[in-house]
Amino acid sequence: MTTPLAFDTMADVKAFTPDKDRLFLSATHEEIISGAVADVYFVRSRDVLRVTGQLDVPVTAEIFARRHGVFAGLGEALRILKPLNVKVQSLRDGDTFESKDTLMRIEGAYGEFGAYESILLGILASSSGWATAARECVEAAGGKPCLCFGARHVHPSVAPVMESIAVSVGGCSAASCILGAKLAGGEPSGTIPHAVVLVNGDTVRVAKAYASLLKPHEPMTVLVDTFKDEAEETLRVAEALGDRLTSIRLDTPSERGGVTPALVREVRWRLDKAGFPNVKIVASGGLDPDRIRILSAAGVDMFGVGSYICHGVTCDMTMDLKEVDGKPIAKRGRLPGRLDNPKLVDVQ
């Protein structure tokens with residue numbers, strides 16, 4: 001057996017003591033690979049099957065989701081499965097699927113991979129949920145750039161996973177999380193927060209200081225909702241920076257009504273009338289696909305989305321055994337035997 005499990009029996013579980021001096025509660029890469037984050041009943045299952053002499057019986061398992069979505073997480077799933085003596089067929093990252101479609105098929109001895117069920121399902125469920133939410137926003141934007149600003153809404157241990165998937169699979173133009181953006185093969189995107197404006201006390205002063213730090217042709221976006229009316233602040237910044245200003249960002253809080261279509265149209269109108277038709281409008285703050293469509297129609301050129309992507313509905317996954325020792329089988333309510341999906345390809 002080639003499994004790198006550190007928890008082969010329940011005795012191993014009882015003997016395990018986490019490092020009390022660990023910096024964070026999140027699992028390390030080594031703990032994930034070792035099975036430390038697996039559900040304990042999968043280890044108990046090994047003890048039972050070992051007693052009955054069936055731990056190494058050949059099985060076929062299939063993974064499906066209970067809703068439609070965009071598949072993601074294959075790379076990390078294969079890092080779990082690569083050391084194991086199993087055959088794997090799967091959808092590719094970015095493939096769409098419907099409810100109950102077979103997304104992944106694993107063939108091999110149950111003892112090789114059974115204990116990794118909850119780990120594999122967690123990777124695919126979360127990753128596909130983020131990819132699906134990001135794709136929905138990208139499609140709603142209709143070709144306009146959509147940036148992922150979700151790192152602040154999730155635990156930092158998973159923020160780079162979420163943001164890299166939002167870009168590489170979901171289709172977002174960029175991400176704000178440094179590690180997430182780099183893992184997706186790009187550079188992080190972001191300007192400056194309200195805190196800098198609050199510390200300085202004036203948006204224009206901050207805008208000028210910011211401009212002095214950028215290269216001549218580097219894009220520049222300035223927040224315009226900190227102190228004054230957004231339309232007024234927009235014109236102050238535009239007049240102070242001239243052609244140096246690339247875009248302004250509207251992030252009006254919900255306490256003041258949020259970013260509305262009327263506000264966007266007014267800002268666009270005033271920019272055009274003042275001779276700044278090339279200055280684009282970026283919107284952020286609690287955006288979802290419906291709001292993106294509405295604001296896009298009003299004139300927004302780019303969107304920053306955080307909570308909708310990172311809190312995207314998880315694509316709950318289930319792994320079923322479909323064959324045991326070559327014979328079709330299933331629990332009550334499920335169909336025994338393999339359920340083919342033409343999108344499946346050999347990946348291991």
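Predicted model: local features only at pLDDT ≥ 70, side-chain atom pairs only at ≥ 80, totals over all residues.
## Annotated regions

An unreviewed UniProt entry places the feature "domain: Quinolinate phosphoribosyl transferase N-terminal" at residues 39–128.

## The chain as a whole

The protein chain holds 14 helices and 14 strands, and its C-alpha trace spans about 80 × 45 × 35 Å along the principal axes. Of its 348 residues, 48% count as buried. Among the contacts in the protein chain with a separation of 6 or more, 71% are made by residues 24 or more positions apart.

The domain assignment divides the protein chain into domain 1, made of residues 10–130 + 314–346, and domain 2, made of residues 132–312. The C-alpha centres of domain 1 and domain 2 lie 38 Å apart, and the contact takes 16 residues from domain 1 and 14 residues from domain 2.

Between them, domain 1 and domain 2 bury about 1200 Å², of which 60% is on carbon and sulfur atoms. On the side of domain 1, the residues that lose the most area to domain 2 are Ser26, Val70 and Trp130, which together account for 55% of what that side buries.

## Nonpolar cores

The largest nonpolar core has 57 residues, and within it Leu250, Phe303 and Ile309 touch the most other members. Helix H6 (residues 117–141) supplies the largest share of this core, namely six residues, and the core draws at least three residues from each of domain 1 and domain 2. Apart from this core lies another, of 36 residues, with Tyr116, Ile123, Ala125 and Met319 among them. As a general point, nonpolar side chains in soluble globular proteins tend to be buried together.

Leaving aside neighbours within four places in sequence, Phe303 is in contact with Ala141, Lys144, Pro145, Cys146, Leu147, Ala283, Leu287, Ile292, Leu295 and Ser296.

## The six-stranded parallel sheet

Six strands form an open sheet in the order E7-E6-E11-E10-E9-E8, and the pairing is parallel. Strand E7 (174–175) and strand E8 (221–223) stand at the edges with a single partner strand each, so one side of each is left without a neighbour in the sheet.

## Strand E12 and its partners

Strand E12 (residues 317–324) has six of its eight residues buried, so it is largely enclosed by the rest of the structure. Seven bridges join E12 to strand E1 (residues 58–65), with the two strands running antiparallel, and Phe64 has Thr318 of E12 as its bridge partner.

E12 also pairs with strand E13 (residues 327–328), in the antiparallel sense and over two bridges, with Glu323 standing opposite Pro328 in E13. E12 and E13 form a hairpin in which two residues lie between the strands, and Asp325 in the turn has a positive phi of about 55 degrees.

## Phe71 in its loop

Phe71 is found in the loop between strand E2 (69–70) and helix H4 (74–81). With a relative accessible area of 0%, Phe71 falls under the 20% limit and is therefore buried. Beyond neighbours within four places in sequence, Phe71 is in contact with Ser90, Leu91, Arg92, Asp93, Gly94, Asp95, Phe97, Leu103, Met104, Leu124, Ser128 and Val169.

The C-alpha atom of Phe71 is separated by 25 Å from that of Phe42, the two residues being 29 residues apart along the chain.

Terms used. Residues numbered from 1 in each chain as written. Heavy atoms only, no water. Buried < 20%, exposed > 50% of the residue type's maximum accessible area, 1.4 Å probe, protein only. Helix = DSSP H or I, 4+ residues; strand = E, 2+ residues; numbered from the N terminus. Pairing = 2+ DSSP bridges. Core = buried A, V, L, I, M, F, W, Y, C linked by side-chain atoms within 4.5 Å. Domains from an automatic or database assignment. Contact = heavy atoms within 4.5 Å. UniProt positions renumbered as here; feature names shortened; annotations may be inferred. Buried area = accessible area lost by both parts, 1.4 Å probe.
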